[in-house]
Amino acid sequence: MKNVFLKIAYKYHEWLEQMEQNENNQTILITGAAGNLGGLLANYLKNRKLHLLVHKKEVAEELKNRSNIQIFKADLAQMETLYSAMEGVTTVVHFAGVLFKSRPEKFLPFTNTFYFNNLLDVAIEQRVQRVILISFPHVEGETTPQNPATGRLDGQPVSIHAATRLQEEKDLFRKCAAASIDAVSLLVGMVYGKGILMIDAAEWFGKHYLLGIWKKPMYIHLISKDDFLAATTAAIDKENIRGIYHIGDEGIQTLQEFLDKVARYKHYHRPWRMPIGMILAAARGFELFSMLFNTRSHLTKDFVTIGQISYYGDTTRMRNDLLPKLKYTTFEEGLETF
């Protein structure tokens, strides 16, 4: 028995040494580092060697003036602006994209595919070792706990956001395979916790009695902010990581159940149940205002379309390869993070 424990301790020590060596040898490029999830990951890894790619927004103050972090302003539409940021990079984590803008069907086929291919082409030229795309389960169409997403590339998503992200995945695996680069797609469920824009916005609307949701129940797969960051870091650091991983916890719930329980926990009004036509009318109003005054559109018709689709992923690969133990196995356990 003593020998067994010694072997386990030795293997664990070996693993720690390997992880430390990987950290020391890596330079990680995070695109969209001034955005919500990209900024959270950058802050989580702020003691590592980072290249942070931004366009117009600034990164958080705590990421500035650090000797281990370089900040690059670049435009994914122009390949020539990407080379300096990619120099010496071993791993790319891609968050960047355009979301809160009216008429996404007009720009997403360009920003989600052309922009990403520019990034891929420069990464290949600069001999990056691994490219990680942050995606979501909707790319496989409607999925449920009984029929979960399994990492397929032949889905038929109904929203333009999901359809263009699926094309990104196809481009990722095709180009990286040809260049012998590790290609990783993380299909992330809804990330929750304080500091997540959608969650904070829902709380604001709820406190002002303005939060509404459609009546049709739909499953959602959730993951705490802490576990999302841990899983993504594992995808960066661990060896032999490639392919599609669904990032989610062990809970099974509908969107309505999730919002109702969070409202009770935070002591704000339970979301109103609204006819879908009313929510679509609000989306049209948001988009019209956005077009007329050149502002962000926090609600679009495509958001409503994608929001009505149940999504749930098979997390077997995540548990086996990335994150065997979750900090919060269900969102009820993670309510303290709100």
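Colleague: What ground rules apply to the numbering and the side-chain values?

Modeller: Residues are numbered from 1 along each chain as its sequence is written, and side-chain values use heavy atoms, with hydrogens and water left out. The model is predicted, so local features need pLDDT of at least 70, side-chain atom pairs count only at pLDDT 80 or more, and totals for chains, interfaces and linings use all residues.

Colleague: How many residues of strand β6 are buried?

Modeller: Strands (E, at least two residues) and helices (H or I, at least four) are DSSP runs, numbered from the N terminus. Buried means under 20% relative accessible area, exposed over 50%, and partly exposed in between, with a 1.4 Å probe and protein chains only. Strand β6 covers residues 182–188 and is mostly covered. The buried count is seven of seven.

Colleague: Which residue of β6 is the bridge partner of Arg130?

Modeller: Two strands pair if DSSP finds at least two bridges between them. Strand β5 (residues 130–135) runs parallel to β6, and six bridges join them. The partner of Arg130 is Asp182.

Colleague: What is the hand of the crossover from β5 to β6?

Modeller: The chain passes from β5 through helix α6 (residues 160–179) to β6. A crossover is right-handed if, with the strands pointing away from the viewer, the path from the first strand over the helix to the second runs clockwise. This β-α-β crossover is right-handed.

Colleague: Which residue in β11 stands opposite Leu187?

Modeller: β6 also pairs with strand β11 (residues 243–247). The sense is parallel, over five bridges. Opposite Leu187 stands His246.

Colleague: Which residue in β2 is the bridge partner of Ile30?

Modeller: Ile30 belongs to strand β1 (residues 28–31), where Ile28 and Ile30 point one way, Leu29 and Thr31 the other, and all are buried. β1 pairs in the parallel sense with strand β2 (residues 50–54) over four bridges. The partner of Ile30 is Leu52.

Colleague: Which helix does the chain pass through between β1 and β2?

Modeller: This β-α-β crossover is right-handed. The helix spans residues 36–44. Its label is α2.

Colleague: Which residue in β4 stands opposite Ile28?

Modeller: β1 is joined to strand β4 (residues 91–94) by four bridges. The two strands run parallel. Opposite Ile28 stands Thr91.

Colleague: How many salt bridges are there?

Modeller: A salt bridge is a side-chain nitrogen of Lys or Arg within 4 Å of a carboxyl oxygen of Asp or Glu. Some are linked in a network, made by Glu58, Glu61, Lys64 and Lys73. By this rule the count is 17.

Colleague: What is the N to O distance between Arg242 and Asp182?

Modeller: Arg242 is partly exposed, at 41% relative accessible area. Asp182 counts as buried because its relative accessibility is 17%. Their side chains meet in a salt bridge at 3.0 Å.

Colleague: How far apart in sequence are Glu203 and Lys266?

Modeller: Their side chains meet in a salt bridge, N to O 3.7 Å. Glu203 lies in helix α7 and Lys266 in helix α9 (residues 255–266), so the pair ties together separate parts of the chain. The separation is 63 residues.

Colleague: Is Asp260 buried or exposed?

Modeller: Asp260 forms a salt bridge with Arg273, with the closest N and O atoms 2.7 Å apart. The pair links helix α9 to strand β13 (residues 272–274). The relative accessible area of Asp260 is 12%, so Asp260 is buried.

Colleague: What is the area of the nonpolar surface patch that includes Leu292?

Modeller: Patches use residues with over 30% relative accessible area and no salt bridge; like charges are joined within 9 Å, nonpolar side chains (Val, Leu, Ile, Met, Phe, Trp, Tyr) within 5 Å. Accessible areas come from the Shrake-Rupley method with a 1.4 Å probe, and for residues only the protein chains shown count as cover. Leu292 is exposed at 59% and lies in helix α10 (residues 276–293). With Leu288, Phe289, Met291 and Phe293, Leu292 makes a patch of about 540 Å².
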